[in-house]
Amino acid sequence: MNAFNFLTPQRTPKAGTGITMMLDKGMGPVFLIDLLEISGRYADLAKFGWGTSAIHNRELIKEKVEIYHSYDVNPYPGGTLFEIAYSQNKLEEFLDEVDKLGFGAVEISDGTIEISKEERIEIISTVKEQGFLTITEVGKKDPHKDQLLSPEDRLEMVNLDLESGADLVLMEAREGGKGIGVFDNKGNVKEDELQTLIEGTPVDKIIWEAPRKAQQAYFILKLGVNVNLGNIPPDEITALETMRLGLRGDTLGKVNLG
């Protein structure tokens, strides 16, 4: 039983909704165990940021992957590493290594490269057939290129990915959450663009990258406590869960868990 259980509303983490994806930028295994002892029950996915898993000892990566799995958190390498492998025509080798390292998911993105719709569909099928949880990402890393994408462009890509077999779609916001995707240059949500996506996609299949507290609160109040949120800093997983439950001033008295 949790402390103060008589005051705590109930939510069911790891139920396939209300996904929390944390961003691992290179934590060591001891730190990771401590973190997951406290917050592991509130995390669903762990992204090894960009290409970080390529510069650490292979056995260390395997150890961390095993730790994540032991806490029922599904780890996967960042989309940038996928893009590097794809651009070097080494996708098969990449997927083989992902499997050998024990990762349970693969992110397919074109944040810094270009992939045609036809190739994207084929890659999704390949990753899915190999048994990975298949996550795609919509958006560009370069703010100038990303801003060329209209809400309708994003909507079309989300639906194409899902129709092609993707399990989840990440909405790009990067680590900073400014000037990318549905966020303006100050990190505020562009509500008209968000509304287009909400009305035209199955929202339960989208993970909104929302690294900032105000963004997380916005999505919880807008889409409910079980909205899927990503790029959460590891030390803020518990803080996010309290926000989902209305145990923090940002959402106190404003969320409905029923």
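Predicted model: local features only at pLDDT ≥ 70, side-chain atom pairs only at ≥ 80, totals over all residues.

Me: Is Val 127 buried or exposed?

Reply: Buried. Its relative accessibility is 0%.

Me: Which residues does Val 127 touch, not counting those up to four places away in sequence?

Reply: Leu 95, Val 106, Ile 108, Phe 132 and Thr 134.

Me: And how far apart are the C-alpha atoms of Val 127 and Gly 165?

Reply: They are separated by 9.5 Å. Along the chain, the two residues are 38 places apart.

Me: Where is Gly 165, then?

Reply: In the loop between helix 7 (151-163) and strand 6 (168-171). Gly 165 is partly exposed, at 21% relative accessible area.

Me: What is Gly 165 in contact with, leaving aside neighbours within four places in sequence?

Reply: Ile 124 and Lys 128. As for Thr 126, its C-alpha atom is 10.0 Å from that of Gly 165. Those two are 39 residues apart along the chain.

Me: Let's zoom out. How many helices and strands does the chain have?

Reply: Ten helices and eight strands. The radius of gyration is 18 Å, close to the 18 Å from the globule rule for 258 residues, so the chain is as compact as a globular protein of that length.

Me: What box do the C-alpha atoms fill?

Reply: Roughly 55 × 45 × 30 Å, along the principal axes.

Me: What share of the residues is buried?

Reply: 49% of the 258. The accessible surface is about 12100 Å², and carbon and sulfur atoms account for 51% of that.

Me: Of the contacts between residues at least 6 apart in sequence, what share joins residues at least 24 apart?

Reply: 73%.

Me: Switching to aromatics. How many pairs are there?

Reply: Eight aromatic pairs. One of them joins Trp 208 and Phe 219, and that pair is stacked. The centres are 5.2 Å apart, with 20 degrees between the planes.

Me: Why does that pair tie together parts that are apart in sequence?

Reply: Because Trp 208 sits in strand 7 and Phe 219 in helix 9, the pair ties together parts eleven residues apart in sequence.

Me: Are Trp 208 and Phe 219 buried or exposed?

Reply: Both are buried. They also belong to one aromatic cluster with Phe 183 and Tyr 218.

Me: Stay with helix 9. Which of its residues are buried?

Reply: Helix 9 runs over 213-223, and its buried residues are Gln 215, Gln 216, Ala 217, Phe 219 and Ile 220.

Me: I see some spacing of three and four there. Why might that come up in a helix?

Reply: An α-helix has 3.6 residues a turn, so residues three or four places apart point the same way.

Me: What do the buried residues of helix 9 pack against?

Reply: Four elements: helix 8 (191-200), strand 7 (206-209), strand 8 (229-232) and helix 10 (237-244).

Me: And what follows helix 9?

Reply: Gly 224, with a positive phi near 100 degrees.

Me: Which residues other than glycine have a positive phi?

Reply: Trp 50 is one of them, with phi near 35 degrees. Asn 89 also has a positive value, near 55 degrees. For background, most residues other than glycine have a negative phi.

Me: Where do Trp 50 and Asn 89 sit?

Reply: In loops. Trp 50 is between strand 2 (45-48) and helix 2 (58-70). Asn 89 is between helix 3 (79-87) and helix 4 (91-101).

Me: What relative accessible area does each have?

Reply: Trp 50 has 38%, so it counts as partly exposed. Asn 89 is exposed, at 69%.

Me: Last one. Where is Ser 39 found?

Reply: In helix 1, residues 29-39. Ser 39 is buried, with a relative accessible area of 4%.

Me: What is Ser 39 in contact with, neighbours within four places left aside?

Reply: Ile 237 and Thr 238.

Methods. Residues numbered from 1 in each chain as written. Heavy atoms only, no water. Helix = DSSP H or I, 4+ residues; strand = E, 2+ residues; numbered from the N terminus. Rg over C-alpha atoms; globule rule 2.2 N^0.38 Å. Buried < 20%, exposed > 50% of the residue type's maximum accessible area, 1.4 Å probe, protein only. Contact = heavy atoms within 4.5 Å. Areas by Shrake-Rupley, 256 points an atom, 1.4 Å probe, with all protein chains shown as cover. Phe/Tyr/Trp six-rings, centres within 6.5 Å; stacked < 30°, edge-to-face > 60°.
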